[in-house]
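Let's take a walk through a protein model together, step by step. Have the sequence and the 3D view ready, and stop at each place as we reach it.

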Amino acid sequence: MKYKVMGDGDPIRLFVGGLHGNEWMDTSDILEKLEPPTVGSLAVIPVVCKEKYVSTLKESYYRTLGKPIIQAVEELRPSIYIEFHSYSKQNQKMLTGTDRIHKTGVPAYSQLDNDVLLGSVSPIIRRNYFPVEALCLSFEIQKKNPISREYGSKIARKMKECLSRDHFIKKLKKRYPVQAKKVIEDYRDFYGL
Ligand SMILES: [Zn+2]
């Protein structure tokens, strides 16, 4: 599978959606509609895999279904990497609950407006393929919720103009101070920075 690159030069961003199962239904459109960034470049993979569902927390994901992502990361070396996932309403508590770290080994998602969630990507790709200073995020859009999807789309349009991790943190602090604090803390606890 090939990715599409828009714009050129640094910073290099890679956005991926439809990572597994039927998630593409709520995320691929968002990526397909994106225009080239004002500065730097943006590569997108709107659909990684439409069939099977394997969690990105599983070691096998990035070796099998997610292989196109790894190929793109190795070729492009993006400094900004964002996954767009979707979730069912009934899983919202599980994703944002403080016990997520104990149950899955990864920090809970933060709740943004319109039921969009913000979290980190799987440690399997984060630790093995990105330097500490890279910005790696995962957004979760609520399935079958047009308002959530529209907000996810707005976030994607903002994120394609993001210049660096520090730039993102600065913007997030202004709009979502509580969530920004959690993002910084999780990052420090998880990646030791
Ligand atoms: Zn997912």
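**A walk through the model**

Asp 115 is found in the loop between E5 and E6, where helices (H or I, at least four residues) and strands (E, at least two) are DSSP runs numbered from the N terminus. Before going on, please note that this is a predicted model, in which local features need pLDDT of at least 70 and side-chain atom pairs count only at pLDDT 80 or more, while totals for chains, interfaces and linings use all residues. Residues are numbered from 1 along each chain as its sequence is written, and side-chain values use heavy atoms, with hydrogens and water left out.

Back to our starting point. With 23% relative accessibility, Asp 115 counts as partly exposed; buried means under 20% relative accessible area, exposed over 50%, and partly exposed in between (1.4 Å probe, protein chains only). The phi angle of Asp 115 is near 60°, a positive value in a residue other than glycine. Asn 114 sits in the loop between E5 and strand E6 (117–119), and its phi, near 55°, is also positive. Asn 114 is partly exposed, with a relative accessible area of 34%. Why point these angles out? Most residues other than glycine have a negative phi, and most peptide bonds are trans. You will find Pro 11 in the loop between E1 and E2.

Now look at the sheet. In which order do the 7 strands of the open sheet lie? They follow the order E1-E3-E2-E4-E7-E6-E5, with mixed pairing; two strands pair if DSSP finds at least two bridges between them. At the edges are strand E1 (4–7) and strand E5 (110–111), each of which pairs on one side only.

Let's move to E2. This strand runs parallel to strand E3 (residues 41–45), and the two are paired over 5 bridges. One place to look is Ile 12, whose bridge partner in E3 is Ser 41. E2 is also joined to E4 by 5 bridges, again in the parallel sense, and here Phe 15 stands opposite Ile 82 in E4. E2 is mostly covered, as 5 of its 6 residues are buried.

A helix comes next. E2, H1 and E3 make a right-handed β-α-β unit: with the strands pointing away from the viewer, the path from the first strand over the helix to the second runs clockwise. Within H1, the residues Asp 26, Thr 27, Ser 28, Ile 30 and Leu 31 are buried. The buried residues of H1 pack against E2, E3, E4, strand E7 (135–142) and helix H6 (146–159), where contact means heavy atoms within 4.5 Å.

Strand E7 deserves a stop of its own. Is E7 enclosed or open to the outside? It is largely enclosed by the rest of the structure, because 8 of its 8 residues are buried. Leu 135, Leu 137, Phe 139 and Ile 141 point one way from E7, while Cys 136, Ser 138, Glu 140 and Gln 142 point the other way. E7 runs parallel to E4, with 8 bridges joining them, and Ser 138 in E7 is the bridge partner of Glu 83. With E6, E7 pairs in the antiparallel sense over 3 bridges, and Leu 118 stands opposite Phe 139.

Our last stop is the zinc ion. Which residues coordinate the zinc ion? They are His 20 (NE2), Glu 23 (two OE entries) and His 85 (ND1), at 2.0 to 2.4 Å. Donors are N, O and S atoms within 2.8 Å of the metal (3.2 Å for Na, K and Ca), and water is not among the atoms, so sites may look incomplete. Along the chain, the donors follow the spacing H-x2-E-x61-H. His 20 lies in the loop between strand E2 (12–17) and helix H1 (24–32) and His 85 in strand E4 (residues 80–87), so the pair ties together parts that are 65 residues apart in sequence. His 20 counts as buried at 1% relative accessibility, and His 85 counts as buried at 4%.
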